[in-house]
Every structure is written in C-alpha cells, then in structure tokens.
Amino acid sequence: MEARPEPLVLLVLSGDREKALAAANLALAARASGRPVFLFFTFWGLNLVKRKGARSRGPLLARLLAFLNRDHAGRQRLGRFHLAGLGGWALGRLASRKGVPSFAESLRLAHDLGARVTACSTTLELMGLTREDLVAEVDEVAGAAALLEAARGGQIVSL
Amino acid sequence: MEARPEPLVLLVLSGDREKALAAANLALAARASGRPVFLFFTFWGLNLVKRKGARSRGPLLARLLAFLNRDHAGRQRLGRFHLAGLGGWALGRLASRKGVPSFAESLRLAHDLGARVTACSTTLELMGLTREDLVAEVDEVAGAAALLEAARGGQIVSL
Amino acid sequence: MEARPEPLVLLVLSGDREKALAAANLALAARASGRPVFLFFTFWGLNLVKRKGARSRGPLLARLLAFLNRDHAGRQRLGRFHLAGLGGWALGRLASRKGVPSFAESLRLAHDLGARVTACSTTLELMGLTREDLVAEVDEVAGAAALLEAARGGQIVSL
C-alpha cells in the first residue's frame, strides 16, 4: 500500500508570482515521481490561467474587479517587493538567466505530463468570465467538491 | 479502507476575506460529502470568530494590537485591492447578487452541519481576549496539538 | 496502522513573522507527539534560516534582491500591521512577556528535538547565497522532490 501513488492537490488562491512558481515546481516534481496532480485555480489565482486580454462580460462591478485584477497567465506581480514592477523584473531576469522556466512554460509542461488543470466555477462567474477566456491547459471548470474528491488519500497544498 | 472519511482541517491564519470564504466553502463541501471538518482560527484569522465590538482587556500593547486588528466575524478586508474598502464592497455586492453567502452565514451553516470550530488559545491570550469575545459557533479554545490530532489520516489546508 | 506516526511537512514560503511562528509551533507540537517533522524553507521563507549579515555573491540583480530581502533568522517583518516595525515590536514585546519563544529559539528547539531542516536549492542559487550563509540548524539543501518524498503518508502545511 505504501507504493500506491498519493495524489497531490495544489489549491492556488493567490495570483502572486512566487506562489505560482511554487505550484508549478511542485506539480512537475510530483509528476516526475508518478503522483497524480490536480491544480485548482481560484480567487486571484484564476488570473494564472486567464488569457491575456480576456474581457469580463459581467455587470459593471465585475468589470471593475476584472480591471483591477488584470494579471494573466503570462504576467504576475510579486507578493513582496513589487516596487512598481522592478522586483518582478529583477527576479524574472535572474530566473531566466539561471534557466528557470516561467510559470506559463511550467504549466504547459506539467499539463503535458498529465497534471489536471481546473478553474473554479464560482470565481469565473463572479468575474464575468467564461471558459473561452482561459488558456488551453484548463481541463475543466469545477467547484470545491471536485478538489476534495481529487485529494483522497493524498495532500493538499494551498498557495 | 478507502471508504473511511478523511478529516479535513482548515488552518485559518489570515483574516483576509478571500481566504475566509475559501475556508467556509471547503468546510461546506467537505461536510456535504460526509468528511469530518475541523476549523482552527489563529493569528489574524482569529478575527473571523470575534464578536463585533469585542474589547481587549490585556495590557496597553495588547489593546493597541486589538485596535489595529479590529475586523470581526461580520467584516473582513481583502488581501488584494482593498482600496480603502472599495474592492471589498464591490466583491461583496457581486457575491450577494449571485447568491454567494457571506462568511458569517457560511460559518454558521458549516457549524450546524457538524464542522468543529476551534479558536487558538495562544492568540486569544496575546490579544487579551476571552471566550466571551468569540461568536457562538466556537466549540473550544485549544492549541496546535488539537489541530494535529484532528488531522490524523486526512489533510490540512492553510488559509 | 493508525498508530504509525504521520510525517508533517511545513513548506515555508513566506518570510512573515506570523507564519514563521506558526511553522515553529506546529513543528514543536508534532515532535511532541512523535511525528516526523520536515521544515522546507523557500522563496522569502529562506530568510528565516539565513544568518544575520549573509551577503549575496551573485550578479548585481541577485545582490539587489538580497538587499531588499534582508530579514534573517533573528528578524522578520509582520505580514499585516508592519507599521514601519511598530506592529512587530508590539507583538514581540507582548510575546516575550507571555513567555512565547522567538522564531529562532523555537527553530533551535525543534531541530534539537529531531525536526529536519531543509533549505531550497533553487532559491539559494537565485539569491547568490551558499550553505555558509545559513544558520547551523539547516540539515541539507534540496529541492521539491525531497519535500514530496518526506510527505508520504502525511500532511503538507504551506505557510
């Protein structure tokens, strides 16, 4: 029984770049050791699977939130030392020199390696977005029950 | 053995509204599938089970912290886009139009459905608060050992 | 099988003092009940196992990040109510009066009690730091695969 692979669920609530990179790294490491991986993007984390230029079609308030919240799969702010983008730029330059892949690249790779990518249905509705506003790697739109079911016998890491 | 329900422990450290709502949603989804649920409120998360108007009776420093930290079960700030309350107001309006319940409502429901609600004893003491300052849904005041015991065979999600 | 101790993995991404204290408390409580404990420090969390005065030897950008990011094992900022250090000072004074140990003290104790302390290899390299810049409690420098292996059959708590 010890040998049965334990699923790893990554619950991505934050849109911060640090946490996005941590989620991607854990997903890749878990797939490399044969564990089932389930990535769930919710609240600000939904930005991480949003296409660039996605536009809210909700009421005015949803569009206001969508405007504030305009990061996307290819761009995320740092949770610390944002410094009007300077901190993120420095970290990004350093990471790419060291050959660390971006979040978008890691997400694509994790998905190719079999990680399941889910977007939170409630967040999507609140933001006035639809499946078409999300990147191709998203396998499904679902709620908390799907996340809990996927985690049976494994671990949940919130990021 | 697969059928034995795995407990879900929600370790709520942050007082941010996003994380409060996520905790409440996970608690409800887990109870709906028959899993034991244990909610542990600590650090700024303790605000989420504090009564409106609770007053610190600790030393001056504790009262200073309590003043800074004056959110309560019925009011939480957003971790992002607080905008002097505007972001939270917009999200709250949107959520209520969509029929998404508030944190206080979800906590009450989760508790009615059998979720166990615990407040961190150390935080309570540091803030100069007592059991009487907490909402009725709090079942007990306890420490980290109780949290770990409740998590046996299940998952812990920190929020 | 119920009696086999479940490992507890603490994934410390944030350098905030609240989360550092929560990680230390959980580590101590888990060791007290005989559970294997694995502390993994990454991203801003790496600060928590950095020596005071550690200096980046990386390129200019790494040194810029290291300068911004100059907290260390003996000093951490609060995630909320930092108030130019005032919030942290008040909390620290209160905690020491109540006999709550500092993070550095708790880390030393947890390590003495058998908790395994790991620093993230990728973060170390990005910051231009080496093993010599870390406190004595660090047992190894490793990556995400080591964290996942340590978590088998147990829980992961991200902080």
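Since the model is predicted, local features need pLDDT of at least 70 and side-chain atom pairs count only at pLDDT 80 or more, while totals for chains, interfaces and linings use all residues. Residues are numbered from 1 along each chain as its sequence is written, and chains are lettered from A and ligands numbered from 1 in the order in which they are written.

Next comes the meeting of chains A and C, where two residues are in contact if their C-beta atoms, placed from the backbone, lie within 7 Å. Chain A brings 24 residues to it and chain C brings 22 residues. On the chain A side, the elements giving two or more residues are helix 1 (17–32), helix 3 (86–97) and strand 5 (155–158). Helices (H or I, at least four residues) and strands (E, at least two) are DSSP runs, numbered from the N terminus. Helix 1 of chain A gives the largest share of this side, eight residues. Sorted by class, the side of chain A that touches chain C has 13 nonpolar, five polar and six charged residues. (Ala, Val, Leu, Ile, Met, Phe, Trp, Tyr, Cys and Pro count as nonpolar, Asp, Glu, Lys and Arg as charged, and the others, Gly among them, as polar.) Only 8% of the interface residues of chain A are also interface residues in chain C, so these copies meet through different surfaces.

The contact between chains A and B takes 22 residues from chain A and 24 residues from chain B. Here the elements of chain A that give two or more residues are helix 2 (60–68), helix 5 (121–126), helix 6 (144–150) and strand 5. Helix 2 of chain A supplies the largest share, five residues. The side of chain A that touches chain B splits into 15 nonpolar, five polar and two charged residues.

Inside chain A, helix 1 packs against helix 4 (residues 103–112) at an angle of about 25°, with axes 9 Å apart. Helix 1 of chain A is therefore roughly parallel to helix 4 of chain A, a label for angles under 35 degrees. From helix 1 of chain A, the contact residues include A:Leu21 and A:Leu28, and from helix 4 of chain A they include A:Phe103 and A:Leu107. This contact has nine nonpolar, one polar and two charged residues.

Finally, A:Val9 sits in strand 1 (residues 8–12) of chain A. A:Val9 counts as buried because it has 27 C-beta neighbours inside 10 Å; the cut-off is 20 or more other C-beta atoms within 10 Å, with C-beta atoms placed from the backbone. Leaving aside neighbours within four places in sequence, the contacts of A:Val9 include A:Phe38, A:Phe40, A:Leu147 and A:Ile156.

Terms used
Buried ≥ 20, exposed ≤ 12 C-beta atoms within 10 Å, placed from the backbone. Axes fitted to C-alpha atoms, helices over the stretch in contact; angles between N-to-C directions. Parallel < 35°, antiparallel > 145°, perpendicular 65-115°, else oblique.
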